[in-house]
Amino acid sequence: MLRALTLTILLAVTAVACTPATPAPPRVAVWQGETSGLLFMRVIAGQPLRDARLTAPDGRKILAQRLSQAEAAPAGGESWGRPSVGIGGSAGSNGGFGTGIGLSFPISGGGQRGGGQATQVEFALDPALLSDYRARPKDWLLELNFGSQITRVAAPPLP
């Protein structure tokens, strides 16, 4: 029985180690220029961004007017691909108390999950479009062209 369990665990570990790491989805933050009709976005992804476009609810496509190309993005405290340690504790209503330590070791390389490339994108929108974007950003679509793939996501709301 112990051999079967050991063999099953080894097969599972081998399968996970051979599975290619999937890239993390791009992260997008948005803000508006103080006195202009500019809409700024910061896109962090595992690959450099080639271009971007917004699709309005009526189908109009607005190509980014400027991309400030990639710089290395910070990992943001994420520990993908690195060993990590966790410490925890719990207390119950019956007076019991427990503690624990967890260790995590990556099986595969882990890819570029935490950091990646950061690109600032500028869109010039007329006042009516900017007002519409502010009112209903989830009806807008953001298309990010990374060269080898195009990712489509709902546009993020303005703060």
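Strand E3, residues 51-55, and strand E9, residues 141-145, pair in the antiparallel sense over 5 bridges. Strands here are DSSP runs of E with at least two residues, numbered from the N terminus, and two of them pair if DSSP finds at least two bridges between them. Within this pairing, Thr55 stands opposite Leu141 in E9. As background, the strands of a sheet pair through backbone hydrogen bonds, either parallel or antiparallel.

Before I continue, a word on the source. This is a predicted model, in which local features need pLDDT of at least 70 and side-chain atom pairs count only at pLDDT 80 or more, while totals for chains, interfaces and linings use all residues. Residues are numbered from 1 along each chain as its sequence is written, and side-chain values use heavy atoms, with hydrogens and water left out.

Let us return to the sheet. E3 and E9 belong to an open sheet of 4 strands, in the order E4-E3-E9-E10, with antiparallel pairing. Which strands form the edges? They are strand E4 (61-63) and strand E10 (150-154), each of which pairs on one side only. From one strand to the next, the twist averages 20°, with axes taken as lines fitted to C-alpha atoms and angles running from 0 to 180 degrees between N-to-C directions.

I turn now to a loop. Gly33 is placed between strand E1 (27-32) and strand E2 (38-45). Its relative accessibility is 11%, so Gly33 counts as buried; the term means under 20% relative accessible area, with exposed over 50% and partly exposed in between, for a 1.4 Å probe and protein chains only. Leaving aside neighbours within four places in sequence, Gly33 is in contact (heavy atoms within 4.5 Å) with Leu38 and Phe40. Gly33 and Glu122 are 89 residues apart in sequence, yet 9.7 Å apart in space, C-alpha to C-alpha.

Phe40 leads us to the aromatic rings. A search of the whole structure finds 2 aromatic pairs. Trp31 and Phe40 form a stacked pair, 5.8 Å centre to centre with 20° between the planes. Rings of Phe, Tyr and Trp (its six-membered ring) pair if their centres lie within 6.5 Å; planes under 30 degrees apart count as stacked, over 60 as edge-to-face and the rest as tilted. Tyr133 and Trp140 form an edge-to-face pair, at 5.4 Å and 70°. Tyr133 is buried at 0% relative accessibility, and Trp140 is buried at 1%.
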